[in-house]
Amino acid sequence: MGVRIDMRGNLLLLSGAEAARADTGRLIEQLLTLLKGGHSLTRWEIAHAAEMISRGDTRDLREFMLDTILVTARKRPIVPRSPNQKRYIDAIRQHDIVFGVGPAGTGKTYLAVAMAVAALQAGEVRRIILTRPAVEAGEKLGFLPGDLAEKVNPYLRPLYDALHDMMDPGKCQRFLQQGTIEVAPMAFMRGRTLGKAFIILDEAQNTTSQQMKMFLTRLGVESKVVITGDITQIDLPEGRRSGLTEVRRVLQGINEIPFVEFSRNDVVRHPLVRRIIAAYESAESSRA
């Protein structure tokens, strides 16, 4: 941000251009409020917040980072970490079907799982169903070793990881055994009506048009559906149209189904991830 910070006793002295000093002072004030409220901050979160303000984003960090979705078994609060993540969470609260579309690392799946666990704990739903297409990166289940569970689990591992990060391991395992939480490939959704459930379809860019239609029509009474995907990471065989790219056109006239678009500015992983995404976007633009 082009500001030097010196500490003298309990005072912070800011040196630099007037506008930059004002932005830095505002950032420090907001971060202090978050810390006083018991919100722990990593250096990556502080860097992300500073970058937001340096881009001219005037929104108060406290507007979204104090919105606790869930407190994990390790007592860590899960909160939106960007204005777009807050918009995504609010959309899930207000609508029965929500799409989250954007690059890796923007929290699309993780926040959706957090919302699902919170809904289950609050008694708003009776079960959670997590699913994703089981054919990715050119691999087919028939060519993988082992029985069906062994074949499917590698594709579903990110969903298990999110669950185990949020819940007590023993409780999570019981819910999985009882069917309160179900993690299954998308093929298992056919013919079912999913009522009083929170359903998440991850990696939706790898669905076909027929699969997407099949999935969306599974919605039952008192259920909520979140579909996440990244249209730059389509692994379908050449010539097959992604159900995610098509559904945006098909459903564009239905206001009750919002599409929340994420960008590299929403990436909350290691700061290098944002730069990697930007580099690939630049390379793809130059080839176009």
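Biologist: Hello! What should I know about the numbering and the pLDDT limits of this model?
Modeller: Residues are numbered from 1 along each chain as its sequence is written, and side-chain values use heavy atoms, with hydrogens and water left out. As this is a predicted model, totals for chains, interfaces and linings use all residues, while side-chain atom pairs count only at pLDDT 80 or more and local features need pLDDT of at least 70.

Biologist: Thanks! How many helices and strands does the protein have?
Modeller: Helices (H or I, at least four residues) and strands (E, at least two) are DSSP runs, numbered from the N terminus. Counted that way, the protein has 10 helices and 10 strands.

Biologist: What percentage of the residues count as buried?
Modeller: Buried means under 20% relative accessible area, exposed over 50%, and partly exposed in between (1.4 Å probe, protein chains only). Of the 288 residues, the buried share is 45%.

Biologist: Which residues of helix H8 are buried?
Modeller: Helix H8 spans residues 209-216. What covers its buried residues includes strand E5 (97-101), E6, E8, strand E9 (224-229) and helix H9 (243-250). The buried residues of H8 are Ser 209, Met 212, Met 214, Phe 215 and Leu 216.

Biologist: Is Glu 222 buried or exposed?
Modeller: Glu 222 sits in the loop between H8 and E9. Its phi is near 60°, a positive value in a residue other than glycine. With a relative accessible area of 55%, Glu 222 is exposed.

Biologist: And what is the relative accessible area of Glu 203?
Modeller: Glu 203 lies in the loop between E8 and H8. Its phi is also positive, near 55°. Glu 203 is partly exposed, with a relative accessible area of 23%.

Biologist: Does strand E1 lie largely in the open or under cover, and how many of its residues are buried?
Modeller: Strand E1 covers residues 4-8 and has 5 residues. Because none of them is buried, E1 lies largely in the open, and the number buried is 0.

Biologist: Which residue in the turn between E1 and E2 has a positive phi?
Modeller: E1 and E2 run antiparallel and are joined by 5 bridges; two strands pair if DSSP finds at least two bridges between them. Across this pairing, Arg 4 stands opposite Ser 15 in E2. The two strands form a hairpin with 2 residues between them, and the turn residue with a positive phi, about 65°, is Gly 9.

Terms used
Contact means heavy atoms within 4.5 Å.
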